[in-house]
Amino acid sequence: KNKKTGDDEFFVTKEDIETNIKPGNNIVFLETKNAGFASNVTSILASLIQEENKEEEKEKIDIILVTTNNNSAFEDNEVSNEHLSKLQFHFATTSKTYNESDNNSFVKKYKSIYNITPDKSAVKGFDLTMDVVLRLVSSEDLYASVNKAPLTEYVENKFAYKKKLFGGYYNDTVYLVKYDDL
């Protein structure tokens with residue numbers, strides 16, 4: 001924040017961050033929707049990571065970057081994927097990206113029919129349909145299936161339904177993912 005106007009300022013200096021980073025393991029939470037700010041912070045944080053060097057009397061500094069709101073700011077071209085990977089960027093997501101080397105039968109069949117890899121909507125539709133169909137054939141009804149199969153997982157999505165206080169159900173699952181070696 002600007003001390004005079006109170007407006008948000010979307011930059012920090014290396015010195016602003018450096019004073020709060022200690023030798024050893026550091027976990028930094030970054031909550032922003034501004035790509036420039038995310039780029040600024042991730043660049044500085046990545047530059048502060050260092051290996052231990054006894055000859056130069058440098059202690060190891062490791063930094064893990066975490067957000068509770070992974071949004072388009074972190075996916076912007078301004079933000080370096082190399083920095084995010086170096087920082088082992090962690091975030092929660094309702095779906096994961098499947099690995100094409102997983103040899104998934106749905107993905108293979110989709111590619112053979114449409115000659116393209118399925119997008120997120122197609123995969124979500126498959127996962128949801130598969131979940132409902134398997135719940136219906138394995139239980140008397142969908143409500144009973146929630147107790148019989150409390151957690152199911154498919155290509156990109158998993159489902160664990162919880163009952164709402166005033167009726168209905170909601171999916172209560174997330175994946176905790178991280179960037180690792182790009």
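The count of aromatic pairs comes to 9, where rings of Phe, Tyr and Trp, the last by its six-membered ring, pair if their centres lie within 6.5 Å, with planes under 30 degrees apart counted as stacked, over 60 as edge-to-face and the rest as tilted. This is a predicted model, in which local features need pLDDT of at least 70 and side-chain atom pairs count only at pLDDT 80 or more, while totals for chains, interfaces and linings use all residues. Residues are numbered from 1 along each chain as its sequence is written, and side-chain values use heavy atoms, leaving out hydrogens and water.

Phe91 is buried at a relative accessible area of 11%, whereas Tyr179 is partly exposed at 22%; buried means under 20% relative accessible area, exposed over 50%, and partly exposed in between, with a 1.4 Å probe and protein chains only.

Tyr154 and Phe159 form a tilted pair, because their ring centres are 6.1 Å apart and their planes stand at 50 degrees. Both Tyr154 and Phe159 are buried.

I turn to the nonpolar cores. The largest has 21 residues, and among those with the most contacts inside it are Ile17, Leu45 and Leu87. A core is a set of buried Ala, Val, Leu, Ile, Met, Phe, Trp, Tyr and Cys residues joined through side-chain atoms within 4.5 Å. A second, separate core of 6 residues includes Tyr98, Phe106, Val107 and Val123.
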